[in-house]
Amino acid sequence: MSKPRIHAAVGLILREDGKVLFGKRPEDKPWPGYWELPGGKVEAGETVSQALRRELKEELDINVTHSTPWIEYVHEYPKNIVRLSFYKVDAWDGEEKGVEGQELTWLTPNWPLSVDPVLPAAEPPMRWLSLPNRYLLSHIGDAAHTDAWLERLETSLEDGIQLVQFREPAWEQLAANDAEQRDMLHQAWLATRELCWKYGARCLINSVHPKDWWSEGDGVQLRASDAQHWATQAQAGLKADTAHADPVLGLPEKALVGVSAHNSADLEAAIQLNASFIVVGHVLPTPSHPGEEGLGWAAFQELAWQAGRPVFAIGGQSNATLAEATEHGAHGIAGIRHIGHNA
């Protein structure tokens, strides 16, 4: 017999300091004593946002004044399957209180959390929220520009950039048959990684570079074509709700796996590989794709909602587009220039 399916609206209520509100389930409810994110079942005839506002009023006595759809995620419990529509809530009227007698606490989004036990479905969003919302890509070109890149990178790291991708397809092609170029490219990658680590930032390498370099940093960003290839190699039965990277990639357990995607087929490959996040684009016209129209925000938002994990918007992005990207379901923005000060 198939399990019943439930659709729930869930609020990630975010304070200005970045902490998220959790409640402890009362003893007279299923999973008593477990900590959870507030929200509840979407009733017949309700939109998700209507259900979210109703549930947060009933549970916390607050009136939501601004929320944005973030991620839709499916979690299978022993007795049912729940489709969770996560919304970020960053503005509300009233002071939160446990209307049902539940204990409340504000937690730093990370994993593991400082409370226990926690409802299993609350674990993925806490990992996701720990990802920065700006993702800087390198653009060096060749060895002559390495020092200038490292100077720009340090400025961006000082400005708060915490996620960087080393991505040098032109230099990789140059180094394909030149051992000296290969060594200089590798040294540039290691220097980039070390500078990121100096500032506590995570540094990923693009899959255009040799696979034996992937485990030297904090993870890998797979090109769409590479993700499709590795998805076919993925072990049967790999679950998308584990905290582990796909073992077929040969990465450490806590490594990040990003996947570049342009369509639904790319998203499926990312999900099969249990990607930590997905980069979707290009969204807006960009010099890297001259003469090509971008996806546009509507198409981006549709793909983002299917991803089941954080999505970064790429293509024509800058600090000025971050708010618009967030309103359309993006976790953050990715790019080469202007993602951070003078970068």
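**Exercise 1. At what angle do helix α3 and helix α5 pack, and how far apart are their axes?**

Before we start, a word on the model: it is predicted, with local features needing pLDDT of at least 70 and side-chain atom pairs counting only at pLDDT 80 or more, while totals for chains, interfaces and linings use all residues. Residues are numbered from 1 along each chain as its sequence is written, and side-chain values use heavy atoms, leaving out hydrogens and water.

*Solution.* Step 1: find the two helices, α3 at residues 146–158 and α5 at residues 179–198. Helices (H or I, at least four residues) and strands (E, at least two) are DSSP runs, numbered from the N terminus.

Step 1: take the axes, which are lines fitted to C-alpha atoms, for helices over the stretch in contact; angles run from 0 to 180 degrees between N-to-C directions. The packing angle is about 20 degrees and the axes are 10 Å apart. That makes α3 roughly parallel to α5 (angles under 35 degrees count as roughly parallel, over 145 as roughly antiparallel, 65 to 115 as roughly perpendicular and the rest as oblique).

Step 2: list the contact (heavy atoms within 4.5 Å). From α3 come T146, W149, L150, L153, E154 and L157, and from α5 come A188, A191, T192, L195, C196 and K198.

**Exercise 2. Which strands form the closed barrel, and with what pairing?**

*Solution.* Step 1: follow the order β8-β9-β10-β11-β12-β13-β14-β15, eight strands with parallel pairing. Two strands pair if DSSP finds at least two bridges between them. From one strand to the next, the twist averages 25 degrees.

Step 1: look at one pair. β11 (residues 219–222) and β12 (residues 256–261) run parallel and are joined by four bridges; V220 has V257 in β12 as its bridge partner.

Step 2: α8 (residues 297–306) lies across β13 (277–281) and β14 (311–314), at about 155 degrees to β14.

**Exercise 3. Which strands stand at the edges of the open sheet?**

*Solution.* Step 1: write the order, β3-β2-β7, with antiparallel pairing.

Step 1: β3 (35–36) and β7 (104–107) are the edges; each has a single partner strand, so one side of each is left without a neighbour in the sheet.

Step 2: check the join of β2 (residues 20–24) to β3, where there are two bridges. Here G23 stands opposite E36 in β3.
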